[in-house]
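Q: Hi! Could you walk me through a few spots in this one, with the structure open beside us?

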Amino acid sequence: MQLEPRTLRPGDAEYPAPLARIPDPPQRLRVRGDLRAGAPRVAIVGPRQPDEYGVDVARELATGLARAGVTVVSGGAAGIDAAAHDAAMRAGGHTIAVFGTGIDVLFPASNRGLFARILETGGALVSGLEDGQRGAQWTFPERNRLVSGMSAAVVVVQAAPGSGALITADHAFAQRVEVLAVPGDVRNPLSAGPHALLRRGAGLVASARDVLAVIGLEGQLTLGMGAAPALEGAEAALYGVLARVPRHADELARAARLPAGQAIAGLLALEVRGLCEQRPGNYFARRS
């Protein structure tokens, strides 16, 4: 693995082919690690201060995509970016962090450990900026342009108006990269960005399967995720009504047509098997 920074230019074998086709492609990339030139890439972006829903969705999407052999691209920032990178690695997949600084300027400093893990697990760090360049008002939009430009699709999980995630989506529209958005609570300001993108014609996504279908790789999900668990009786009924969004145990019992006590016992059995997780307040959600 090449951990020392190296320079790539258009025409080099490792230089990302999609990036070479965007308007004004970067003439010089600084890279550490393995870009996996032949792998499909999807960007997952969102705010630095997401809510629990945003983090959960970002992690679920990154997990499913990574298991399907898709490289997860993001900007290395706190919040959604970090959640997507981390989930991809935990799923045994490949991830690329694109810097809004020089390749030798680890920003934010709080993510130094994350960047080290990306390299340790075979991922890559990328910058289109000169070594030593500190973060500035103009550097992060340039970073966003590269995030979208090297990807087959950009998924916006959450975004407030005027946010960096929406700048990434704007670049993707201009680059003719697929723009996808995750719907959210209409009362949540972080849902405003994805909903605006949906009105502009972005594709609606709720799962990795949706993303893979858009980029023509839906069959990869089955190959990457493995067979559905073998369940019977109450556990099978409960697993069928579980969702990634947590639901109360009483609601799940009604949906599965089970007595409350039997439903709780079944949910706890599923939790022991790693198929669901319990949240505060007696809520349960399906694990990815």
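**Around α12 and beyond**

A: Happy to. Let's start where α12 is followed by Gly274, whose phi is positive, near 80 degrees. Helices (H or I, at least four residues) and strands (E, at least two) are DSSP runs, numbered from the N terminus.

Q: Before we go on, what sort of model is it?

A: It is a predicted model, where local features need pLDDT of at least 70 and side-chain atom pairs count only at pLDDT 80 or more, while totals for chains, interfaces and linings use all residues. Residues are numbered from 1 along each chain as its sequence is written, and side-chain values use heavy atoms, with hydrogens and water left out.

Q: Thanks! Back to α12: how far apart are its end C-alpha atoms?

A: They are 18 Å apart, which agrees with the 18 Å that the 13 residues of α12 (260–272) should span at 1.5 Å a residue. The expected span is 1.5 Å times one less than the number of residues.

Q: And which residues are buried in α12?

A: Ala263, Gly266, Leu267 and Leu270 are buried there. They cover an arc of only 100 degrees around the axis, which puts them on the same side of α12; the arc is that of the directions from the helix axis to the C-beta atoms. On the other side of α12, Gly261 and Val272 are exposed. Buried means under 20% relative accessible area, exposed over 50%, and partly exposed in between (1.4 Å probe, protein chains only).

Q: What covers the buried residues of α12?

A: The cover includes α10 (233–241), α11 (249–256), β11 and β12.

Q: You mention β11 and β12. What is the strand order in their sheet?

A: The order is β10-β12-β11, in an open sheet of three strands with antiparallel pairing. β10 (247–248) and β11 (276–279) stand at the edges with a single partner strand each, so one side of each is left without a neighbour in the sheet. Two strands pair if DSSP finds at least two bridges between them, and β10 pairs with β12 (residues 283–286) over two bridges.

Q: Which residue stands opposite Tyr283?

A: His248 does, with Tyr283 being in β12.

Q: Where does the charged end of Arg286 sit?

A: Over the ring of Tyr239, 4.0 Å from its centre. The test is NZ of Lys or CZ of Arg within 6 Å of the ring centre and within 35 degrees of the ring normal.

Q: New topic: how many aromatic pairs are in the whole structure?

A: A search finds two. Phe99 and Phe115 form a tilted one, 4.9 Å centre to centre with 55 degrees between the planes. Rings of Phe, Tyr and Trp (its six-membered ring) pair if their centres lie within 6.5 Å; planes under 30 degrees apart count as stacked, over 60 as edge-to-face and the rest as tilted.

Q: Are those two Phe residues buried or exposed?

A: Phe99 is buried, with a relative accessible area of 2%, and Phe115 is buried too, at 1%. The other pair, Phe107 and Phe140, is tilted, at 5.8 Å centre to centre and 45 degrees between the planes. Phe107 counts as partly exposed at 43% relative accessibility, whereas Phe140 is buried at 18%.

Q: Last one: where is Pro189?

A: Pro189 is in the loop between β8 (178–181) and α7 (192–200). At 59% relative accessibility, Pro189 counts as exposed. Leaving aside neighbours within four places in sequence, Pro189 is in contact (heavy atoms within 4.5 Å) with Ala159, Ala160 and Pro161.
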